[in-house]
Amino acid sequence: MAFPDSQAPSGALSLGAPVHAPLSVQRVNAAPGASFLYSFPADGFQLLDVPKATVDGYDCPGGLYWLPQQVRIVNASGANGVRVLSEGESPAEAWRYVLQIQREKSSVVISPDLPVPSEALPSGAQPGGYLREAAVVWRGQPGSRFITPWDLCTPLPGDLPAKWTFDRSKYALWLWWLVASGQVPPVHPAFIEARKGDLRQRVAEVEARANMLPEEQRKRKVEEAKTAAEAAEKAPVAAKAARKGSK
Amino acid sequence: MATLATPQGFSNGGNDLAAAGLTQSYLVGELETAMMDTLDPVVTGMVRLKIDMAGKGSDTLRVPYIDDVGFSRRFSSLATENASITASALTTGYSAITLGMYGLGHTVTQRQRILTQPGTTLTLPQLISMVPMSYLATLRYLACVSGATISTNIGSATAALSEDEIYTLAAAIISTSGASDKGRPLVTLHPEQLNQLRTSLRSSPAFVQNLQAYLQAAGAADGSMFMNFMGLGFDVVKTEDVVIDTGVYQGFAVSPGGLGYAVASVSGLAADMPAAAEAIYLDQYGLIIYRTVSGLDTAVNGYQGRAHLGVALGDTSVFLQRGMISVQ
């Protein structure tokens, strides 16, 4: 199910069969969910704590980083440009217009087939891309729920819906690697400066407004705002890095 | 809760208590529906109809916009008496809506219809009457899927939604000329985001010693829609359809019409549909509902609903768009 290269905004893009996530021997009691693509728009960014690690030969010193933030393009016909296929039409045709829209927005679409480095996967996760298919059962109906390798499932007994948590640390490492390896461009500093300005202004506002609060509460709110602003000031923007051993 | 397999037959009509060795009966006429997310995306203005694409010759349609005219284009100063006027350029662009297709159907065996106690389950006509609600749920889902792709975000992927984000949004609306010209922007949040927001408001300096003001601000009313939230010039709705991606709620705010939907009217099919199908044509939804006639040889009656609809975000130069994100 490979896309034609002419449609790919960032190199060859393909959408192969997603890795089947071994959540448990039996189907997990959870709602189904459609497959998706991740696209990184130029103005999407977030501040995340990245663990210290060597990932795919790139040394990450660890700490808070400004990282790109993806949007999820869900494979739902009629939304985001996903087309309904005619009989016999290639599945890639459903995505054709999606890719064109993303390209016009200067967004970078990352193929679900791009392998996630093993260091950025939660322990026990199978090798593969970011798109995983979990077998689920919901209201008696078997189905599929497409997830990421960082979506961790805890099945519960009986008919109780499974609990889901998210491994943000490994996910942050994947984002850092996407930038370090040049797959996704770094966040433009102008966006970061605007956000830093907002956070600085928030400290001033909280200090002014919190006067009427009890002393302990006032201190806590001011401290929270200051901590957030200082963290944002200190955090570097994740940038393209040199790989170990490369010249 | 038991699942009735397809087609619904008398033998699988929910005799789970009988299977446990207990005699049981049903309270006739008291069939209750489960709790559900009843937010109507059309009534609340979450999405607005843009176009009927029937007969347009394409499954994708561009909605054009124009800039550098009217209030956004001032006259140029003419320095001399005989100065000539240079013609102005226009800025144009478009957003695009792609038409999707969705379906829903139920089947019931004839034996189930004959033997079941009336009022203890839904008949085929009753099921058919509920199809428009399922359509609205689909439209709402597509709106949330589209809203989740807004990339200019307010909030944090690692923190709960707080009153600070609400004020940041209010500031964005004020500082974006024309953001409220078509009406109050609408904020769509996951119910848990609304809970996060209420928790934040409880410790707000403005409300900490004024319960009445807090209740008013936190939208203590029932229902799924909060008009003019905190008097800040936007409405808030809650729905579980808000996309959760990477452990982050992808709520969103758009000015009215910023999420548009397209349909393809279906009444043109009337000439082709067999009379036995008793087709219902809901052109305003792009929805046709008809009885299936192929199951009669196996004594199964059923219906199908097919909807032709698509949802798309308008262009950011026409509509205010903000993601309202918070940690799950």
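This is a predicted model: local features need pLDDT of at least 70, side-chain atom pairs count only at pLDDT 80 or more; totals for chains, interfaces and linings use all residues.
Residues are numbered from 1 along each chain as its sequence is written, with chains lettered from A in the order in which they are written. Local features need pLDDT of at least 70 and side-chain atom pairs pLDDT 80 or more, while totals for chains, interfaces and linings use all residues.

**View 1. Chain A and its 13 strands.** Let's start with chain A, which also has four helices (helices are DSSP runs of H or I with at least four residues, strands runs of E with at least two, numbered from the N terminus). Of its 247 residues, 37% are buried, meaning that 20 or more other C-beta atoms, placed from the backbone, lie within 10 Å of the residue's own.

**View 2. The side of chain B that touches chain A.** Here 33 residues of chain A meet 30 of chain B; contact means C-beta atoms, placed from the backbone, within 7 Å. On chain B, elements supplying at least two residues each include strand S3 (91-98), helix H4 (131-147) and strand S14 (300-313).

**View 3. Helix H6 (residues 191-202) of chain B.** Look for B:Gln193, B:Leu194, B:Gln196, B:Leu197 and B:Leu201, which are buried. Down the axis of H6(B), the buried residues fall within an arc of 155°, so they line one face; the arc is taken from the directions from the helix axis to the C-beta atoms. Among the elements covering them are helix H7 (211-217) and strand S10 (248-254) of chain B.

Key: A residue is buried if 20 or more other C-beta atoms lie within 10 Å of its own, exposed if 12 or fewer, and partly exposed in between; C-beta atoms are placed from the backbone. Two residues are in contact if their C-beta atoms, placed from the backbone, lie within 7 Å. The expected span of a helix is 1.5 Å times one less than its number of residues.
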